[in-house]
Amino acid sequence: MLVLGIETSCDETAAAVLDGGRKILGSVVASQDAVHGPYGGVVPELASRRHLEVVLPVITQALAQAGVGLADLHGIAVTQGPGLVGSLLVGCSVAKAIAYCHRLPLVGVNHLEGHIYAAFLEEPAPTLPFLALVVSGGHTALYLAGGGGRYERIGQTRDDAAGEAFDKVAKLLGLGYPGGPVIERAARAGDAKAIRFPTAQMSDGAPDFSFSGLKTAVSLHVKRHAPLGPRQVADVAASFQATVVKMLVRRTVRAAQRARARRLVLTGGVAANGALREALQAECRERGWALHVPSPALCTDNAAMIAAAGHDRLVAGERAPLTLNAIPDLTLA
Ligand code: KG4
Ligand code: ZN
């Protein structure tokens with residue numbers, strides 16, 4: 001079964017063709033980093049305009065990579081939410097047009113389920129049930145995945161998403177956008193123990209996250225020591241990154257213990273971070289738990305993960321009507 005996946009929820013225009021929901025025949029991601037870079041964050045209006053310009057060429061390229069035409073497809077999967085409404089609408093409109101013209105079944109996919117499905121695209125694929133930490137620019141949450149599209153959210157951020165903290169701190173340090181990769185690069189030259197930033201604790205003991213206090217602490221530190229030289233910037237980047245990693249890993253391990261989960265999935269844009277991958281891997285290895293982390297290119301936004309999740313929904317008989325609409329605040333559980 002050949003499924004075309006379309007993803008336009010934020011600032012990546014992506015299309016992919018999958019066979020059987022797991023084999024990637026073609027996958028194209030057009031990044032808008034150059035568009036938003038000068039602003040230090042995503043400008044929604046510019047994002048939707050760029051999606052509109054590149055979505056058809058991106059789909060054409062993904063089909064060409066796969067060596068198939070629209071007439072060969074068996075279904076279309078599109079990100080329905082959560083995300084920026086203007087961005088989501090571009091993907092949804094194109095998906096509906098193709099589905100209508102070629103009489104193809106259509107499904108809407110939750111972007112967060114897509115991130116979790118990225119783990120199924122590489123061997124060894126995780127078996128259900130498992131605990132998934134989804135860390136991206138817009139979301140930071142822990143889900144128990146039970147199979148059959150059932151998810152239970154057992155923890156989430158109470159303020160900023162982890163990726164958002166990376167992006168804001170990178171802006172504070174004048175390192176550019178997106179923040180994750182530039183902070184990770186700068187951190188390599190720094191000392192992670194140079195500065196002691198606070199790790200938020202939930203007074204009620206919930207496995208929730210909070211990054212706004214850390215962001216404020218970094219901001220105060222930067223102001224107090226301005227102007228920072230390259231050495232100090234590297235130390236702030238390394239210390240900040242180590243603090244985020246510590247918070248994410250500690251909370252995830254505790255949640256896994258409580259849920260008696262022995263299989264974990266780490267996914268979402270921030271899961272591309274080497275320090276986070278290594279730290280969680282070390283904790284899991286020590287406890288004999290299996291950790292599944294998609295390759296960095298599958299952790300950040302892509303359409304292969306959307307096609308994979310959509311494939312299973314199509315196989316289960318799910319169909320979206322041509323009235324399918326974007327849902328910016330769609331939740332997973
Ligand atoms: O999943 P994603 O591509 O888009 C959303 O669904 O939000 O995640 C983007 C986020 C951005 O905040 C970006 O700074 C962060 O992921 N990110 C990273 C790294 N690569 C991307 N954060 C830390 N380290 C990285 N290497
Ligand atoms: Zn994402």
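These legends describe close-up views of a predicted model.

**View 1. Helices α2 and α3 pack side by side at an angle of about 30°.**
Helix α2 covers residues 44–66, and helix α3 covers residues 85–101. Their axes lie 8 Å apart. Angles under 35 degrees count as roughly parallel, so α2 is roughly parallel to α3. The crossing of the two helices is right-handed. Which residues of α2 meet α3? They are A47, S48, H51, L52, V55, L56 and I59. On the α3 side, the partners are G86, S87, V90, V94 and I98. Sorted by class, this contact between α2 and α3 holds eight nonpolar residues, four polar ones and no charged ones.

**View 2. Helices α8 and α9 make a right-handed crossing.**
Here α8 spans residues 230–259 and α9 spans residues 274–287. The two helices pack at about 30°, and their axes are 9 Å apart. From α8, the contact uses Q241, V245, L248, V249, T252, V253 and Q257. From α9, it uses A275, L276, A279, L280, E283 and R287. How many residues in the contact of α8 with α9 are charged? Two are charged, while eight are nonpolar and three are polar.

**View 3. Helix α8 also packs with helix α5.**
The angle between α5 and α8 is about 170°. Their axes are 11 Å apart. Angles over 145 degrees count as roughly antiparallel, so α5 and α8 are roughly antiparallel to each other. Four residues of α5 can be picked out by name: A162, A165, F166 and V169. They meet F240, Q241, V244 and L248 of α8. Seven residues of the α5 and α8 contact are nonpolar, one is polar and none is charged. Look for Q241 and L248 of α8 here; Q241 and L248 also take part in the contact with α9.

**View 4. Ligand 1 is surrounded by 19 residues.**
The closest are G137, D167, G180, E184 and D301. Backbone atoms also reach oxygen atoms of the ligand. A polar backbone atom of G138 is 3.3 Å from an oxygen atom of ligand 1. For G163, a backbone N or O atom lies 3.1 Å from a ligand oxygen atom. What is the distance from a backbone N or O atom of G180 to an oxygen atom of ligand 1? That distance is 3.0 Å.

**View 5. The peptide bond from L128 to P129 is cis.**
Its omega is near -5°. To find P129, look in the loop between α4 (111–117) and β6 (130–135).

**View 6. Y177 and P178 are joined by a cis peptide bond.**
Omega is about -5° for this bond. Where does P178 sit? P178 belongs to the loop between α5 (162–172) and α6 (179–187).

**View 7. R103 has a positive phi value.**
The phi of R103 is near 50°, and R103 is a residue other than glycine. R103 is located in the loop between α3 and β5 (106–110).

**View 8. A30 lies in strand β3.**
Strand β3 runs over residues 23–31. Which residues does A30 touch, leaving aside its neighbours within four places in sequence? A30 is in contact with D11, E12, T13, V54 and V58. Now trace the chain from A30 to Q281. These two are 251 residues apart along the chain, and their C-alpha atoms are separated by 30 Å.

Key:
Residues are numbered from 1 along each chain as its sequence is written. Chains are lettered from A and ligands numbered from 1 in the order in which they are written. This is a predicted model: local features need pLDDT of at least 70, side-chain atom pairs count only at pLDDT 80 or more; totals for chains, interfaces and linings use all residues. Side-chain values use heavy atoms; hydrogens and water are left out. Axes are lines fitted to C-alpha atoms, for helices over the stretch in contact, and angles run from 0 to 180 degrees between N-to-C directions. Angles under 35 degrees count as roughly parallel, over 145 as roughly antiparallel, 65 to 115 as roughly perpendicular and the rest as oblique. A crossing is left-handed if the near helix is turned anticlockwise from the far one by less than a right angle, and right-handed if clockwise. Contact means heavy atoms within 4.5 Å. Ala, Val, Leu, Ile, Met, Phe, Trp, Tyr, Cys and Pro count as nonpolar, Asp, Glu, Lys and Arg as charged, and the others, Gly among them, as polar. A residue is near a molecule or strand if one of its heavy atoms lies within 4 Å of it. A polar contact is a pair of N or O atoms within 3.5 Å; within protein, one must be able to donate a hydrogen and the other to accept it, and residues adjacent in sequence count only if both atoms are side-chain atoms.
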